[in-house]
Each structure stands twice: as C-alpha cells, then as structure tokens.
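Hi there,

Here is the structure I promised to pass on. Have a look at it first, and then read on for what turned up.

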Amino acid sequence: MSRVRNPIDQHVGSRVRMRRMLVGMSQEKLGDALGVTFQQVQKYEKGTNRIGASRLHQMSVVLGVPVSFFYEGAAPQSTGTENGFAEAPGAEYVVDFLSTSEGLQLNRAFVRIADPKVRRRIVALVEALVAERE
C-alpha cells in the first residue's frame, strides 16, 4: 500500500529539484554534499520522503538559497474556512514546468534572445502549435 504524498512535501521537493538543476548539480553531487545517496535525493525531490528541518537548512546552504525559497509559491494550508471550490493560486504550473530539464533548457535559451521581436515570434509560434492540437 502506497502512502499519499503531502502537497507541501511535493512542492518543496520540486523546488529543490528546480534549484539543483539551475545550478547544474547532479543528484549524486547534492547527495554527497548532504551525506545521503542520490536515491534519497530522488525521494526528496518527488516528495516521497519528507525533508527534515536540519536537512532543508543544509540544502539551502549547498544550493545557495534561503530556506524560504523552497516554500515560495506553495498553496496556503487549509484552515477550513476557505471557499470549498475556490481556485488555488495559479503559479503551480510554472514551477512544475521549470522543474523539468526541458523547461529549464527552454527558459535559459529564451532569456538569451536579445531581440524582443524574435521573442514575441517564438511565443506566437508556440501558441500556434498549441492551438493546432486543441
């Protein structure tokens, strides 16, 4: 029987993965710096295993970000007083996209394009490709 992953653990793990990839660090290298295996890093990044406070602090030092970085964009915890079907904040898909290697590669290449007209054309191309599939 598999346990249900906590959404906050998943979010924190995806932010660890995103930052690790942004700095060009492998899971093995991060694991070595933390004193754990790369498999443990995989479990942290997927949200399968919860990251303890001291380990999260250690990760923030190794990855060069404040601990708060890992919580940025996380959906607020339910207090039971929210509107039941209200939409959650919409930035999750951006974090999910930037947590992939393709998302990071695309973002890195896109920001290096100096000409704003070329950037707009690329956005128009991507939107046209998506419209074809809908």
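Predicted model: local features only at pLDDT ≥ 70, side-chain atom pairs only at ≥ 80, totals over all residues.

Now the rings. R15 lies over the face of F69, at 4.0 Å from the ring centre. F69 also belongs to the one aromatic pair in the structure. Its partner is F70, and the two rings sit edge-to-face, with 5.5 Å between centres and 80 degrees between planes.

Next, the helices. Helix α2 (residues 27-34) and helix α3 (residues 38-46) have axes that come within 8 Å and cross at roughly 100 degrees, so α2 and α3 are roughly perpendicular to each other. On the α2 side, Q27, E28, L30 and G31 make the contact, and they meet F38, V41, Q42 and E45 in α3. Sorted by class, the residues of this contact are three nonpolar, three polar and two charged.

Helix α3 also meets α1 (residues 7-22): the two axes come within 6 Å and cross at roughly 120 degrees, which means α1 is oblique to α3. Here D9, Q10, G13, S14, V16, R17 and R20 in α1 touch Y44, E45 and K46 in α3. This contact has five charged residues, along with three polar and two nonpolar ones.

Cheers

Note on methods
Residues numbered from 1 in each chain as written. Heavy atoms only, no water. Axes fitted to C-alpha atoms, helices over the stretch in contact; angles between N-to-C directions. Helix = DSSP H or I, 4+ residues; strand = E, 2+ residues; numbered from the N terminus. Parallel < 35°, antiparallel > 145°, perpendicular 65-115°, else oblique. Contact = heavy atoms within 4.5 Å. Nonpolar A, V, L, I, M, F, W, Y, C, P; charged D, E, K, R; others polar. Phe/Tyr/Trp six-rings, centres within 6.5 Å; stacked < 30°, edge-to-face > 60°. Lys NZ or Arg CZ within 6 Å of the ring centre and 35° of its normal.
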